[in-house]
Amino acid sequence: MNYLFWLAVFAGVILLYYRYVTRESRQRKAALAADFPAPWRQILAERVAFYLSLTKDDKLRFEKQVQVFLAETRITGIETKVDDVTRILVAASAIIPIFGFRDWQYGNLGEVLIVPDAWKLENDPDKEVKPLQGTLLGSVQNFQNQHYMRLSKASLEQGFKDTLDKQNVGIHEFAHMLDEADGVIDGVPKLALPPELLKPWAEVMQREIEAIREGKSDINSYGGTNEAEFFAVVMEYFFEKPEKLQENHPELYDLLTRALRQNPKKRYLRFSIDPRDWIRSLRTKRKFGRNDPCPCGSGKKYKDCHLAKQQAA
């Protein structure tokens with residue numbers, strides 16, 4: 001009798017251990033098997049220009065990656081509400097930089113903390129910090145063997161409202177995570193860069209940083225802070241305004257397309273139904289409501305015209 005009791009205890013411990021070590025794979029499998037919620041797809045279609053630029057098959061892949069990310073990643077609001085819009089924008093920020101890598105995982109990300117429009121500095125709790133002020137838009141902090149990302153809710157949303165200003169705090173912070181995957185945040189994402197690109201990247205990066213510091217570059221001056229911030233800043237530029245980045249910094253753009261296995265300019269131009277109107281309306285500062293007149297001038301509602309075409313593409 002005593003033998004059977006301890007055998008049952010041992011079997012229970014083994015089962016619990018098995019469920020613990022297979023938790024992530026089970027979560028991933030369940031996320032991949034689930035249908036993508038229609039409200040989530042609507043958020044992507046109305047707020048994320050990158051998603052709209054994808055082919056039908058790539059949209060499905062993007063959606064699955066969003067599901068897996070949300071299944072595996074804790075997103076916690078600090079004195080602010082985290083709704084589906086916030087969660088989807090965080091997930092989109094994570095997927096966009098690594099979309100060219102089919103099996104990429106942010107294995108070192110512990111939690112994403114969403115802070116309100118202003119919060120207290122840890123080293124100066126009496127000082128309130130407003131959003132849209134430099135690095136305080138977001139940050140990545142190390143704790144033991146995990147990293148915690150902090151994002152301003154207002155800044156996260158602003159990054160997707162204006163997709164032509166070369167600024168997106170979500171992409172910026174996840175660029176740091178991509179950079180850090182090799183163990184150090186130094187502006188050289190060695191797990192993404194093929195060995196033959198390491199030297200060219202280092203040379204171009206130093207040349208571009210010098211130009212920023214001398215005031216001879218259109219890249220955000222914050223990119224001149226150091227190599228790590230340069231990489232994150234140009235990632236924002238790359239995904240928000242690829243046409244200008246290629247025009248003004250062709251060597252830099254070429255290196256990023258090869259490293260990230262993505263060409264956002266080509267994607268956006270593929271949907272330039274009317275080069276004068278649609279490519280800008282896809283990435284405009286003003287987001288169109290489903291029942292607004294379509295910006296292409298067809299006279300139809302946006303949902304029945306270009307939005308419908310994009311969702312079907």
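Modeller: Helices here are DSSP runs of H or I with at least four residues, strands are runs of E with at least two, and both are numbered from the N terminus. Please keep in mind that this is a predicted model, in which local features need pLDDT of at least 70 and side-chain atom pairs count only at pLDDT 80 or more, while totals for chains, interfaces and linings use all residues. Residues are numbered from 1 along each chain as its sequence is written, and side-chain values use heavy atoms, with hydrogens and water left out.

Biologist: Is glutamine 65 buried or exposed, and which residues does glutamine 65 touch?

Modeller: A residue is called buried under 20% relative accessible area, exposed over 50% and partly exposed in between, using a 1.4 Å probe and protein chains only. Glutamine 65 has a relative accessible area of 12% and is therefore buried. Contact means heavy atoms within 4.5 Å, and, when residues up to four places away in sequence are not counted, glutamine 65 touches Ile95, Ile98, Phe99 and Phe101.

Biologist: Which residues is phenylalanine 69 in contact with?

Modeller: Phenylalanine 69 is also found in helix H5, and its relative accessible area of 6% makes it buried. Apart from neighbours within four places in sequence, phenylalanine 69 is in contact with Ile75, Val90, Ala91, Ala94, Ile95, Tyr106, Leu109 and Phe174. Distance along the chain and distance in space are separate things to read: phenylalanine 69 and alanine 92 are 23 residues apart in sequence, and their C-alpha atoms are 9.3 Å apart in space.

Biologist: Where is alanine 192, and what does alanine 192 touch?

Modeller: Alanine 192 lies in the loop between H8 and helix H9 (195-213), and with 5% relative accessibility it counts as buried. Leaving out residues up to four places away in sequence, alanine 192 touches Phe101, Leu178 and Ala259. The C-alpha atoms of alanine 192 and phenylalanine 101 are separated by 8.6 Å, although the two residues are 91 residues apart along the chain.

Biologist: How should I read a pair of helices, and at what angle do the axes of H3 and H5 cross?

Modeller: Axes are lines fitted to C-alpha atoms, for helices over the stretch in contact, and the angles run from 0 to 180 degrees between N-to-C directions. The axes of helix H3 (residues 38-47) and H5 come within 12 Å and cross at roughly 115°. Angles under 35 degrees count as roughly parallel, over 145 as roughly antiparallel, 65 to 115 as roughly perpendicular and the rest as oblique, and H3 and H5 are therefore roughly perpendicular to each other. On the H3 side Trp40, Arg41 and Leu44 meet Phe62, Glu63, Gln67 and Leu70 in H5.

Biologist: Which class does H8 with H10 belong to, parallel, perpendicular or oblique?

Modeller: Helix H8 (residues 169-180) and helix H10 (residues 227-240) have axes that come within 8 Å and cross at roughly 130°, and H8 and H10 are therefore oblique to each other. For sorting the residues of a contact, Ala, Val, Leu, Ile, Met, Phe, Trp, Tyr, Cys and Pro count as nonpolar, Asp, Glu, Lys and Arg as charged, and the others, Gly among them, as polar. The contact of H8 with H10 has 10 nonpolar, 2 polar and 3 charged residues.

Biologist: How do H10 and H12 cross?

Modeller: The axes of H10 and helix H12 (residues 250-260) come within 11 Å and cross at roughly 90°, which makes H10 roughly perpendicular to H12. In H10, Phe230, Phe231, Val234, Met235, Phe238 and Phe239 meet Leu252, Tyr253, Leu256, Thr257 and Leu260 in H12. By class, this contact has 10 nonpolar, 1 polar and no charged residues.

Biologist: What is the phi of lysine 166, and what is the phi of arginine 261?

Modeller: Most residues other than glycine have a negative phi. Lysine 166, in the loop between helix H7 (153-161) and H8, has a positive phi near 65°, and its relative accessible area of 23% makes it partly exposed. Arginine 261, in the loop between H12 and helix H13 (264-270), has a positive phi near 60°, and arginine 261 is exposed, with a relative accessible area of 55%.
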